[in-house]
Amino acid sequence: MWFLHWILGISFYIAMSISIWIEGADTLLRSPSPARDIAVTAPSIRTMIGIPLFLLASGIQNDCHTYLASLPKYTLPDHPIFHTMVCPHYTAECVIYLSLAIVGAPERAWINQTVFTALVFVACNLAVTASSTKEWYLVKFGREKVEYRWKMIPFVF
């Protein structure tokens with residue numbers, strides 16, 4: 001199972017790299033000199049939304065991973081962000097993909113569809129893992145300590 005999960009992850013990143021490259025190739029080919037297209041301009045609304053989202057989600061994800069790495073093995077996380085969710089670092093990962101989809105959107109669009117498709121894939125993949133993590137927590141730590149926690153998305157899942 002772990003090997004198949006690893007293969008799926010590697011395949012996903014290879015497919016994403018190729019997809020984004022193909023998507024951007026037309027823009028590069030239409031420009032006589034891509035280096036001339038580089039200009040410093042005022043940030044767009046998409047940039048002003050996406051960059052702070054990216055930084056916030058990255059910081060939260062880093063805090064979660066740092067905290068989890070500091071725990072003794074097989075310990076129920078007690079950090080405040082884990083009080084409401086079993087896997088807040090998965091939520092942060094999805095927000096990172098959302099921010100990239102916003103910032104990477106083509107002109108006259110709010111979302112880059114390729115990156116948004118990756119977000120959907122990542123969210124589904126992490127949702128399955130979050131469900132199994134909550135089930136394991138229920139067995140290991142008891143229903144009274146875990147039952148009230150959302151798996152990944154507060155008030156939704």
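Predicted model: local features only at pLDDT ≥ 70, side-chain atom pairs only at ≥ 80, totals over all residues.
Glu93 sits in helix H3, which spans residues 88-103. Leaving aside residues up to four places away in sequence, Glu93 touches Tyr13, Gln61, Val122 and Leu126.

The packing of H3 against helix H4 (residues 113-141) gives this glutamate its setting. The axes of H3 and H4 come within 9 Å and cross at roughly 175°. Because angles over 145 degrees count as roughly antiparallel, the two helices, H3 and H4, are roughly antiparallel to each other. On the H3 side, the contact is made by Tyr90, Glu93, Cys94, Tyr97, Leu98, Leu100 and Ala101. H4 contributes Val115, Phe116, Ala118, Leu119, Val122, Ala123, Leu126, Thr129 and Ala130.

Aromatic residues also deserve a look here. Tyr13, one of the residues touched by Glu93, belongs to an aromatic cluster together with Phe12, Tyr97 and Phe121. Tyr97 from this cluster is also among the H3 residues that contact H4.

Across the whole structure, the search finds 10 aromatic pairs. One of them joins Trp136 and Phe141 in an edge-to-face arrangement, with 5.8 Å from centre to centre and 85° between the planes. As for solvent accessibility, Trp136 counts as partly exposed because its relative accessibility is 39%, whereas Phe141, at 16%, counts as buried.

Key. Residues numbered from 1 in each chain as written. Heavy atoms only, no water. Phe/Tyr/Trp six-rings, centres within 6.5 Å; stacked < 30°, edge-to-face > 60°. Buried < 20%, exposed > 50% of the residue type's maximum accessible area, 1.4 Å probe, protein only. Helix = DSSP H or I, 4+ residues; strand = E, 2+ residues; numbered from the N terminus. Contact = heavy atoms within 4.5 Å. Axes fitted to C-alpha atoms, helices over the stretch in contact; angles between N-to-C directions. Parallel < 35°, antiparallel > 145°, perpendicular 65-115°, else oblique.
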